[in-house]
There are 2 protein chains.
Amino acid sequence: QFAEGVPALPLETPGFSSNDWAFFIEGMYPDHRLGLFQEIPLELRGDVLAVTNDDVRRRLIEQLSTNELYNLAESTSSEHLVEVLGMMPSHVLLRAIKRLDSDEQELVHKALSYTDRKIGRYVSRAVLTVTPEATAAMARTALKQQQVPEYTDRLLLVDDKGIFKGSVDLEILQSAPARQALSELSDLDEKHMLLADQDYGEAALDMKSSGFAMMPVVNEQHELLGRITIREALELAVDYYENQLLAQGGMNDEDLFAPVKVSVARRTVWLGINLITALAASWVIGLFELALSKIVALAVLMPVVASMGGIAGSQTLTLTIRGLATGQINNANLTLLAHKEVRIGLVNGLIWALIIGVVVSWWFGNPGLSFVIAIAIWINVLAAACAGILVPVILDRMKIDPALAGSVVLTTVTDVVGFFAFLGTATLLLI
Amino acid sequence: QFAEGVPALPLETPGFSSNDWAFFIEGMYPDHRLGLFQEIPLELRGDVLAVTNDDVRRRLIEQLSTNELYNLAESTSSEHLVEVLGMMPSHVLLRAIKRLDSDEQELVHKALSYTDRKIGRYVSRAVLTVTPEATAAMARTALKQQQVPEYTDRLLLVDDKGIFKGSVDLEILQSAPARQALSELSDLDEKHMLLADQDYGEAALDMKSSGFAMMPVVNEQHELLGRITIREALELAVDYYENQLLAQGGMNDEDLFAPVKVSVARRTVWLGINLITALAASWVIGLFELALSKIVALAVLMPVVASMGGIAGSQTLTLTIRGLATGQINNANLTLLAHKEVRIGLVNGLIWALIIGVVVSWWFGNPGLSFVIAIAIWINVLAAACAGILVPVILDRMKIDPALAGSVVLTTVTDVVGFFAFLGTATLLLI
């Protein structure tokens, strides 16, 4: 069953977690995945699907029969229900939802109204809620009678309209006077809840900063949708960062073994965007055909000018993108940061202008050319520092993810400025 | 006190977690940091320092007096002790260690023997251990008498020599017969523990896959060093990924407001490495001076060939680096993956060779030139796909982090192959 090129499955699959299964399925050639999937214990299958990457999940769901999909929906834990249901064809989806109990039906309806970039989609319902009018003694009694879900470090207060009214830390609850109302013990700090509309990566980072084991998730009307646990935050953080790393390389979270035609279609878009920027650089070079035809060394050295600017710019760009993503760069300190980066550009530009000037004078024995390339390097490294700050800040204000588009815009700037500075100065001074 | 360009501190600092404080300190201009640091409640200061980035922590520790450092060491929670102590000057370090209680002293000695890339350094000692000979009843009694540390979902069994002998899930423990020995309830699965020598990012991912709230950490002799909780795993995962993102941009985890001379010194190294690769590309171009002097359009179009190869290669590179980092690419499926990527390269190369051929023929009206650039694009996109697989695999076997060095090596390959294919074919066919 496991053909050539497929890793042998370890023997102790009984101890496998849903993450372990997902890991093996993703590393397999697509033809063998369905076979392995059907060897997973029934009660785990939904959770396994929920943690595989989007591509793999979509393709497996396409391969399952309608009946298998219904069983899947019923056996998936409520924590992962939405991720599995969200990819089912609509006719299966509606009937699968009807089979759920009414509490879960409500959650699924709400969660599916958020896109998979929003934390609202990942909410789970395994949460202990109490009315704010209850006393500490009542809450303590209720706690003893219930199964406390894991990662529960607080009780959530919800009024009869479903509005979130704050939370009570379990340790504080244990030591509170019996007759004290829960509403007096609670806090309703904005920092202690997540908004369903938040980006899921940002929500995972909020969870990290909070120090809590769980956080309630509310919508704009402050209705409680459910909670996110620290376990889900860890999964979402890893997913968020893997996508950022892939986006920086012009990729998305694709199946390692996606069919060639699917991969080609996706990647070719990025190549096309890049071609436009490359043609812009070519157009600038084309303005200086005269200089190029007289001094061939200009053509030889062009890549050096462009690439030094590109590297210097991407250093600043990377720092700025991370600062914007974590929220550490704001209007107050942006100017300070820009000043610092420009000064680094001035110094680094000068250092490498001098070094490259010396290398070129030794290589070509032409002091004029050395001077021209030194000027161009300095200008380009400085321009790169400015672009490294401005490009991501502007993209961010335009609501375009700088991690996705930043580097292609930056490269256009450093190519165009670099070629213009180098060939322009050469035309002025050497022709 | 908070000068121009410094974000105003929100009023509710009493509710601040150590992560909140660290966030504000990192976003401030260095001159103002010490002032804010000294407004942090004493008992939080050590933990705040532990979660700020390395640069900021090092500089703050340099600014504190010896007495302040001793106080810091005493007030830091044992979870974060090593991160704070690890940056203290050695004379302070040794005396600070002596003031700790003997259990903490031992932990610090062991943890400091690991570099900050290893999970052993991040171990905490807040862990419940029992001898494997104890019975379930004894363990249940002991549990009731002790403060159970947060994120404890299991008891760790340790023999009198300190060797880890497995762990018992608390739920299993609660329902076990009173006289059953713990050793019979435990499992000693490799997947349920971390090795102190593991990379900390890999350990955080193991934690995510495990589904546990904590994992024991052992050394090569299977001595128990302590544990990592899911909270620490979340912090380490974020730190690991932020560093990966910075490394891809040729940066490290530097202070946003590091002094200009420190930043220049660090970044200039990367610019120097890049210069060598740019000069290699220039050298290849220099081999074809004759062709360039006769056909200026070659110089105009050179960047297009290089950059299409660069983008295609970085797509494959990104996928390969992520697959290697998560362990999903292994010897068994590497060949399959390489086949797939080469086929994508063949198809995408052909598509863009044809498109660029048409664009060039429209721009320059020279069918020979169109043919030459189409051939060069095809060759380079194909070479890029091969390099995108081979470069990270080879770097990985050489124990060099492909996230750090991969893209500079790949760019060298695509530049050199691109210029060689383009100018070489032109020399053969057009001169």
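Me: In what order do the three strands of the open sheet in chain A stand, and what is the pairing?

Reply: The order is E1-E2-E3, and the pairing is mixed. This is a predicted model, in which local features need pLDDT of at least 70 and side-chain atom pairs count only at pLDDT 80 or more, while totals for chains, interfaces and linings use all residues. Residues are numbered from 1 along each chain as its sequence is written, chains are lettered from A in the order in which they are written, and side-chain values use heavy atoms, without hydrogens and water.

Me: What makes E1(A) and E3(A) edge strands?

Reply: Strand E1 (129-130) and strand E3 (164-169) of chain A each have a single partner strand, so one side of each lacks a neighbour in the sheet. Strands are DSSP runs of E with at least two residues, numbered from the N terminus.

Me: How do you know that E2(A) and E3(A) pair?

Reply: Pairing requires that DSSP finds at least two bridges between two strands. Four bridges join E2(A), residues 154-158, to E3(A), and the two run antiparallel. In E3(A), Asp169(A) is the bridge partner of Arg154(A).

Me: What do E2(B) and E3(B) form, and how many residues lie between them?

Reply: They form a hairpin with five residues between them, and Gly162(B) in the turn has a positive phi of about 85 degrees. Val158(B) has Phe164(B) as its bridge partner in E3(B).

Me: Why is the relation of chain B to chain A called a two-fold axis?

Reply: Chain B superposes on chain A by a rotation of 180 degrees with 0.0 Å of shift along the axis, at RMSD 0.1 Å. That is the relation of a two-fold axis. The superposition is by least squares on C-alpha atoms of residues with pLDDT of at least 70 in both copies.

Me: How do you know that the same surface serves both copies?

Reply: Of the contact residues of chain B, 98% recur in chain A. Contact means heavy atoms within 4.5 Å. The contact takes 106 residues from chain B and 104 residues from chain A.

Me: What makes Lys340(B) and Glu254(A) a salt bridge?

Reply: The rule asks for a side-chain nitrogen of Lys or Arg within 4 Å of a carboxyl oxygen of Asp or Glu. Lys340(B) and Glu254(A) meet at 3.8 Å, N to O, so the pair qualifies. Across the interface of chain B and chain A the rule finds six salt bridges.
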